[in-house]
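Dear colleague,

Please find below the structure that I am handing over to you. My findings follow directly after it.

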Amino acid sequence: MIDFDTDGENLLWGLAETMTSQDNYSVGVALRKLVQAGYSTLEQVDATSDWVLLATPGIGIGRLAAVRRLVRPDWQPPTADALKAAEGFLSAARFALRFWPVETLESLLQGSAPLPTEDRPVEKRLAIELFSQATQKALRYCGAEELLQALQQTSIAFLESI
């Protein structure tokens with residue numbers, strides 16, 4: 001649900017405009033990207049994991065840091081290894097979504113389905129294998145539920161781009 005103030009405006013968008021007017025462009029841009037992804041309050045953003053926010057188009061570690069520090073001044077970014085795992089997972093997810101429905105990737109991530117690679121074109125097999133490997137690496141740094149949410153966010157952005 002998107003929250004609006006009494007004038008019917010998205011609260012996060014209003015904050016983005018205010019930050020931009022105060023020459024804090026990086027935060028303003030980051031907040032606009034989050035509004036485009038469906039967020040409407042800092043409370044929603046704060047309740048969302050770093051992994052899911054990083055799956056949002058236009059949100060990298062710099063913009064994530066700018067937004068996180070609005071609410072959590074002592075926030076520390078994920079480790080370099082965790083960021084590498086996140087980038088690998090998101091990249092593999094985007095590639096796999098070219099060939100596989102998100103439901104197949106979700107089942108694989110949850111461990112409820114084997115790798116469906118028999119009698120498939122090489123690109124399709126490679127996409128699911130790379131996704132599986134990236135998932136295993138990412139699970140070292142976050143839980144399956146966070147990865148599912150990041151996959152869903154990536155899927156929405158992917159579908160909007162085609």
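I begin with Asp-50, which is buried, with a relative accessible area of 15%. Please bear in mind throughout that the model is a predicted one.

Salt bridges

Asp-50 has a charged partner: its side chain and that of Arg-68 meet in a salt bridge, at 2.7 Å from N to O. Asp-50 belongs to helix H4 (residues 50-54) and Arg-68 to helix H5, so this pair ties together parts that are 18 residues apart in sequence. Arg-68 is buried as well, with a relative accessible area of 3%.

How many salt bridges does a search of the whole structure find? The total is 3.

One of them joins Asp-46 to Arg-72, with the closest N and O atoms 2.6 Å apart. This pair links distant parts of the chain, 26 residues apart: Asp-46 is in helix H3 (residues 42-47), whereas Arg-72 is in the loop between helix H5 (61-71) and helix H6 (80-96). Asp-46 counts as partly exposed, at 27% relative accessibility, and Arg-72 likewise counts as partly exposed, at 28%.

Arg-32 and Glu-17 also meet through their side chains in a salt bridge, at 3.2 Å from N to O. Since Arg-32 lies in helix H2 (residues 25-36) and Glu-17 in helix H1 (residues 11-21), the pair ties together parts that are 15 residues apart in sequence. Glu-17 is partly exposed, with a relative accessible area of 36%, while Arg-32 is among the buried residues of H2.

Helices H1 and H2

H1 and H2 pack at an angle of about 160°, and their axes are 7 Å apart. Angles over 145 degrees count as roughly antiparallel, and H1 and H2 are therefore roughly antiparallel to each other. The crossing in which H1 passes H2 is left-handed. On the H1 side, the contact is made by Leu-12, Trp-13, Leu-15, Ala-16, Glu-17, Met-19 and Thr-20. On the H2 side, it is made by Tyr-25, Val-27, Gly-28, Leu-31, Arg-32, Leu-34 and Val-35.

The loop between H1 and H2 contains Asn-24, which counts as partly exposed at 31% relative accessibility. Asn-24 and Gly-88 are 64 residues apart in sequence, and their C-alpha atoms are 30 Å apart in space.

Which residues of H2 are buried? They are Val-27, Gly-28, Ala-30, Leu-31, Arg-32, Leu-34 and Val-35. The buried residues of H2 pack against H1, H3, H4 and H5. As to the length of H2, its 12 residues should span 16 Å at 1.5 Å a residue, and its end C-alpha atoms are 16 Å apart, which agrees. Just after H2, Gly-38 takes a positive phi of about 110°.

Helices H7 and H9

Helix H7 (residues 102-109) and helix H9 (residues 144-161) pack at an angle of about 165°, with their axes 10 Å apart. That angle makes H7 roughly antiparallel to H9. The crossing of H7 and H9 is right-handed, whereas that of H1 and H2 is left-handed. From H7, Val-102, Leu-105, Glu-106 and Leu-109 take part in the contact. They meet Ala-144, Leu-147, Leu-148, Leu-151, Gln-152 and Ser-155 of H9.

Thr-154 also has its place in helix H9. Is Thr-154 buried or exposed? Thr-154 is buried, with a relative accessible area of 3%. Neighbours within four places in sequence aside, Thr-154 is in contact with Ala-55, Leu-90, Ala-93, Arg-94 and Leu-97.

The chain as a whole

The chain has 9 helices and 0 strands. Its C-alpha atoms fill a box of roughly 55 × 30 × 25 Å, taken along the principal axes. Of its 162 residues, 40% count as buried. Among contacts between residues at least 6 apart in sequence, 60% join residues at least 24 apart.

With kind regards

Key. Residues numbered from 1 in each chain as written. Predicted model: local features only at pLDDT ≥ 70, side-chain atom pairs only at ≥ 80, totals over all residues. Heavy atoms only, no water. Salt bridge = Lys/Arg side-chain N within 4 Å of Asp/Glu carboxyl O. Helix = DSSP H or I, 4+ residues; strand = E, 2+ residues; numbered from the N terminus. Buried < 20%, exposed > 50% of the residue type's maximum accessible area, 1.4 Å probe, protein only. Expected span 1.5 Å × (residues − 1). Contact = heavy atoms within 4.5 Å. Axes fitted to C-alpha atoms, helices over the stretch in contact; angles between N-to-C directions. Parallel < 35°, antiparallel > 145°, perpendicular 65-115°, else oblique. Left-handed = near helix turned anticlockwise from the far one by under 90°.
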